[in-house]
Amino acid sequence: MKKILTAILSILILIGICGCGFTQQQEVDMTKYSSNIEKSDRIDVMKNEERLDLISGHNNIEDFITSLKIEEWRMKDLPKDSKVDLEFILYSTKNQDEEESADYEFEKKGRILTYEDSRYLTFEINKIQFNFKVPKEVIEYLNTFKN
């Protein structure tokens, strides 16, 4: 819970410092947000509301983050005809500090959307969306979850 509050607080401070006046074409340092993905305990890979895959475990999530090459993302406007392809839903455990409980409740903390035949994706956290054009190999990697 402390991790989630810290992440939310850091995002609010970032928004407060930068203001909401930046345009889609300006650059955003996504490495600040990668820690939010890193703190995920589970990532569901969805297509048309059907779960295709589940990414869990520290090493698997770390490999996922490395493959995203977040430092190479460039903020761009999403093409108007974009259709959602895959959805990566980021979850963290609500009760991870309660060691006596074996049943974990998961709380949605963000998501990544990919688009059909496109190098664009949307990163959403705390109801704020950022659209990016990403390297071809990142989209190729994300598309491997379709199989």
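This report describes the sheet, the helices and the nonpolar core of a predicted model.

## Basis of the description

Residues are numbered from 1 along each chain as its sequence is written, and side-chain values use heavy atoms, with hydrogens and water left out. As the model is predicted, local features need pLDDT of at least 70 and side-chain atom pairs count only at pLDDT 80 or more, whereas totals for chains, interfaces and linings use all residues.

## The sheet

The strands, like the helices, are DSSP runs numbered from the N terminus (E, at least two residues, for strands; H or I, at least four, for helices). Seven of the strands form an open sheet: its 7 strands follow the order β2-β1-β4-β5-β6-β7-β3, with antiparallel pairing, where two strands count as paired if DSSP finds at least two bridges between them. The edge strands, each of which pairs on one side only, are β2 (50-56) and β3 (74-75).

Gly110 lies in strand β5 and counts as buried because its relative accessibility is 7%, buried meaning under 20% relative accessible area, exposed over 50%, and partly exposed in between (1.4 Å probe, protein chains only). Leaving aside neighbours within four places in sequence, Gly110 is in contact with Phe88, Ile89, Leu90, Glu124 and Ile125, contact being defined by heavy atoms within 4.5 Å. Gly110 and Asn126 are 16 residues apart in sequence, while their C-alpha atoms are 6.8 Å apart in space.

Thr114 is also placed in β5, and its relative accessibility of 2% is why Thr114 counts as buried. Residues up to four places away in sequence not being counted, Thr114 touches Lys83, Val84, Asp85, Leu86, Phe88, Tyr120, Leu121 and Leu142.

## Helices α3 and α4

α3 packs on the sheet, where it touches β1, β2, β4 and β5, and its direction makes about 105° with that of β2. α4 likewise packs on the sheet, touching β4, β5 and β6, and its direction makes about 75° with that of β4. Axes here are lines fitted to C-alpha atoms, for helices over the stretch in contact, and angles run from 0 to 180 degrees between N-to-C directions.

The axes of α3 and α4 come within 9 Å and cross at roughly 145°. Asp63, Phe64, Ser67 and Leu68 of α3 meet Val138, Tyr141 and Leu142 of α4 in this contact.

In α3, the buried residues are Ile61, Phe64, Ile65 and Leu68; seen down the axis of α3 they fall within an arc of 95°, so they line one face of the helix, the arc being that of the directions from the helix axis to the C-beta atoms. Asn59 and Thr66 are exposed on the other side of α3, and the helix is followed by Lys69, whose phi is positive, near 50°. In α4, Val138, Ile139 and Leu142 are buried; they cover an arc of only 95° around the axis, which puts them on the same side of α4. These buried residues of α4 pack against α3, β4, β5 and β6.

## The nonpolar core

The largest nonpolar core has 25 residues, and those with the most contacts inside it are Ile37, Phe64, Leu68, Trp73, Phe88, Phe123 and Phe132. Such a core is a set of buried Ala, Val, Leu, Ile, Met, Phe, Trp, Tyr and Cys residues joined through side-chain atoms within 4.5 Å. Two or more residues come from each of β1 (42-47), α3 (58-68), β4 (84-93), β6 (120-125), β7 (128-133) and α4 (136-143), and α3 gives the most, with 4 residues.
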